[in-house]
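Dear colleague,

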Amino acid sequence: GYEAWLNAQMALPNPSLMQLVVASDNEEFVLRGNKPLWTGNDPNFAGESYGVNRDGLGYVTTINTTANGTFNNNHPFHNNRRREQWTLALQAKAQVRQRMAQALSEIVVISEMDTTVQSRHYGAANYWDMLAQNAFGKYRTILENVTYSPMMGIYLSHLRNRAQYDAGGVTIFPDENYAREIMQLFSIGLVLRHPDGSLVLDASGLPIPTYDNDDIAELARVMTGLCHGARHRNNIVIQRFNGLAFSNSSPRVSPQIEIQGGDGGTGGNGSTFTNFNEGGGEGWYQAPWIYPMSVLGRTATVTASARPWHDFGAKTLLSGKVGQTNIPGLTDTQLNALSAAQSHTRAAEDLTLAHNMLAGDPSAATYNGHPNTPVNISRWLIQRFTTSNPSAGYLYRVSEVYRQTNGNLGAVLK
């Protein structure tokens with residue numbers, strides 16, 4: 001029957017969009033006679049190139065005498081990600097998984113209208129793979145993965161978001177963009193709702209807001225300390241063309257990966273680093289955009305003028321509202337008593353509590369997070385699978401499955 005078919009679909013392995021895109025790029029590099037190492041300075045063009053004009057039959061009529069930047073563009077662009085997206089949509093056997101990934105991508109949105117999301121297309125492809133891999137798991141897992149995704153971090157600007165600090169006499173507050181969007185668009189929505197989607201009204205007959213500007217600012221304090229979680233090593237010497245000749249260089253293009261503030265690494269090198277301001281790396285060596293972001297607590301002794309990356313002050317999320325959650329704080333003395341690694345762990349615990357508030361504790365048998373998230377996610381999925389305007393009864397039945405399974409999307413889909 002239909003359920004047996006769904007079960008068979010859910011059991012199929014998840015094909016990787018990122019692997020397809022990397023393979024497609026490598027094929028194009030070969031066709032172009034170029035290499036990822038040479039992008040931006042292709043020796044095939046000797047550092048400059050010249051355009052030509054052709055007539056209606058394609059014959060060259062004139063040659064431009066001014067060099068242009070074609071040699072900087074002899075490489076694949078983001079188009080291969082789009083092409084391989086269609087490959088999955090049309091040819092993948094796991095069609096239901098791909099369909100759920102598509103639905104989720106329309107909820108926890110990133111867009112290549114952002115130039116970094118577009119150009120770091122392995123990261124964008126990996127974001128899709130993350131959604132597809134967790135398509136039938138718990139929504140709470142997806143929500144946390146989205147928070148830690150560097151693609152979401154650059155798109156909604158919480159990458160390198162840090163605790164309040166002073167710079168040149170100006171007080172810089174944490175960025176509030178992601179804090180607002182994770183509540184409004186990814187979980188609890190704007191107003192309280194009953195399990196059937198109808199509005200919860202106050203004594204005056206008006207909708208009850210789920211949060212206000214103070215709550216956004218408070219959650220923004222939680223979303224601090226996030227930075228790139230990995231980078232390629234620079235332990236190999238390569239030759240690059242500088243426009244005149246080849247010269248030795250040691251860019252971050254090694255297949256070995258260094259992990260921010262942690263252990264391990266590809267190839268068993270066990271290499272780590274700590275740098276809150278680590279950049280995005282080379283164009284086709286995109287570990288910073290593929291690996292999850294890390295959250296750093298402190299990397300030096302905290303003083304009145306030298307603040308930590310993460311805000312360790314006490315926080316009250318959704319103060320005085322449904323779902324109020326208190327996050328205990330640390331004094332500077334308590335924070336300095338922790339090792340740097342312990343401070344990173346403590347910072348991550350703040351983010352865990354915030355995600356639990358929004359979407360429940362993933363270890364619980366049934367749902368125990370904010371009451372709005374089950375009905376919102378259920379409604380948004382229904383709108384992408386079956387109907388744009390579900391009845392109250394239909395929405396109630398689906399959201400009840402969400403609550404009883406703690407947001408298991410496979411059960412919700414069935």
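This is a predicted model: local features need pLDDT of at least 70, side-chain atom pairs count only at pLDDT 80 or more; totals for chains, interfaces and linings use all residues.

Residues are numbered from 1 along each chain as its sequence is written, and side-chain values use heavy atoms, with hydrogens and water left out.

Helix 3 (residues 79–91) and helix 6 (residues 121–133) have axes that come within 10 Å and cross at roughly 25°. The two helices therefore count as roughly parallel (angles under 35 degrees). Arg81, Gln85 and Leu88 of helix 3 make the contact with His121, Ala124, Ala125 and Trp128 of helix 6 (contact means heavy atoms within 4.5 Å).

The axes of helix 1 (residues 2–11) and helix 4 (residues 95–105) come within 7 Å, crossing at roughly 80°. On helix 1, the contact is made by Trp5, Leu6, Gln9 and Met10, and on helix 4 by Gln95, Val96 and Arg97.

Serine 149 lies in the loop between helix 7 (139–148) and helix 8 (150–155). Its relative accessibility is 8%, so serine 149 counts as buried (under 20% relative accessible area, with a 1.4 Å probe and protein chains only). Apart from neighbours within four places in sequence, serine 149 is in contact with Tyr127 and Met293.

Yours sincerely

Note on methods. Axes are lines fitted to C-alpha atoms, for helices over the stretch in contact, and angles run from 0 to 180 degrees between N-to-C directions. Helices (H or I, at least four residues) and strands (E, at least two) are DSSP runs, numbered from the N terminus. Angles under 35 degrees count as roughly parallel, over 145 as roughly antiparallel, 65 to 115 as roughly perpendicular and the rest as oblique. Buried means under 20% relative accessible area, exposed over 50%, partly exposed in between (1.4 Å probe, protein chains only).
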